[in-house]
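Have the viewer open and follow along.

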Amino acid sequence: MKKNNLFLLLSFSVLMILTGISDSLRGVFLPTFQTHFALSSTQSSMIIMVSYIGNLIFLLIGGKLVDKYQKKPVILCILGIWSAAFLLYTVTDNYWCLLFGMIFSMGASTLLSTTLNILTPVVFLSSPGLIVNLLGFIQGIGTSGSQNMIGRFAENISAWHISNGVMLAVTLLMIAAFLFIRFPERVQTARVVRTSYRETFRNPAFPFLVIIFGFYFIAEHGIMNWMTTYATQELGMSLSDGSMYLSFFFLGYTIGRLVLSPLVDRLGIFRCFGIISTLAAALYIPGILFGRSTILLVCISGFFFSILYPTLVLMVNYYYPAGTIATAAGAVISTATLFDIVFNLFFGTLIDVAGFHNAIYVLPISMGAFWLFYLIFRKAVKPIRETVTEKK
């Protein structure tokens, strides 16, 4: 590997670790925010809801900028916005500042990880599949490791300030590093083939894909954002134990990325997704339904969750013509993000009204709906092409 590409790989790896940490901090510190700011569950859910609004805005607007302009300046701009959010978290101690910052920190994090995943196959032409899975594995280390380590010290707001101060320092170092790293010319000048959103929406696969992605987001992100709070408030665990179980889920998620990824090519996308999603649902649903005695099943389900999202994204390729995939995937994922927004808008209120014990059932119901709609989708809509493996 050329020296410049090696530096790019190292830089991408550090950024993926940072996005993994950034995604996990919100859920780890949610009980701390509730105590420090004296928040109701409804107010707590607002923290998560606005972060997904940030995802929606950044993916819709930022995605166009990534396509239109040179990649290096766009990445530097994203890192600058991200740094400003970390600085806001570090120097302020206010609920409304926290909400405002979530829009930019989580939006920038999501856009950054999406951009890196899009660029990786173009930058590393000789081994794109290996590098994509490697970066996914590295991101999982950032998520799981931070949940376990930071969760041990997350009982007061000063740990939140310190964590974001460290994130700010590393992000500034990465900005400095990117100033001296050269992107390959083909990456800088690449352009996408454009298609109308009307054509994307009219595809019969579109509503099914949105629903499948949407229920998946509720099931996975519900664990990421609420499991620590659920473990402490409903199951009577300490904050460190609750964070530990969450880290186990994402440890399985991280290992699964490496172990299960080869099955996608070996079994075929649709066959593999059907098997893995069934195993994930079979562990996840009873794991939540029966409370503390089965919480380890939820952790184990993380192993099977690991390849569901990237395989879903890959599946879009088989329902849309070549040259329209980026637009289609962006439209599907952005629209499905509305499920996250609506869920977090009402979930906190549901906790206050019905109690955590009853509200948490939304997660296994969503997982069941995700699995059921996938089965209906496979019967109702035929792909415009099959994978090589599944043609045999």
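F86 counts as buried, because its relative accessibility is 1% and buried means under 20% relative accessible area, with exposed over 50% and partly exposed in between (1.4 Å probe, protein chains only). This is a predicted model, in which local features need pLDDT of at least 70, side-chain atom pairs count only at pLDDT 80 or more, and totals for chains, interfaces and linings use all residues. Residues are numbered from 1 along each chain as its sequence is written, and side-chain values use heavy atoms, leaving out hydrogens and water.

**Around F86**
- Helix α3 (residues 71-91) holds F86; helices are DSSP runs of H or I with at least four residues, numbered from the N terminus.
- Leaving aside residues up to four places away in sequence, F86 touches S22, N164, M167, L168 and T171, where contact means heavy atoms within 4.5 Å.
- F86 and T171 are 85 residues apart in sequence, yet their C-alpha atoms lie 9.1 Å apart in space.

**The largest nonpolar core**
- Among the 126 residues of this core, F33 and F377 touch the most other members; a nonpolar core is a set of buried Ala, Val, Leu, Ile, Met, Phe, Trp, Tyr and Cys residues joined through side-chain atoms within 4.5 Å.
- Helix α9 (residues 205-233) contributes the most to the core, with 18 residues.
- Not counting residues up to four places away in sequence, F33 is in contact with R26, A38, L39, I47, L98, I157 and W160.

**Out of the core**
- L296 is found in helix α12 (residues 295-305), and L296 is partly exposed at 49% relative accessible area.

Methods: Helix = DSSP H or I, 4+ residues; strand = E, 2+ residues; numbered from the N terminus.
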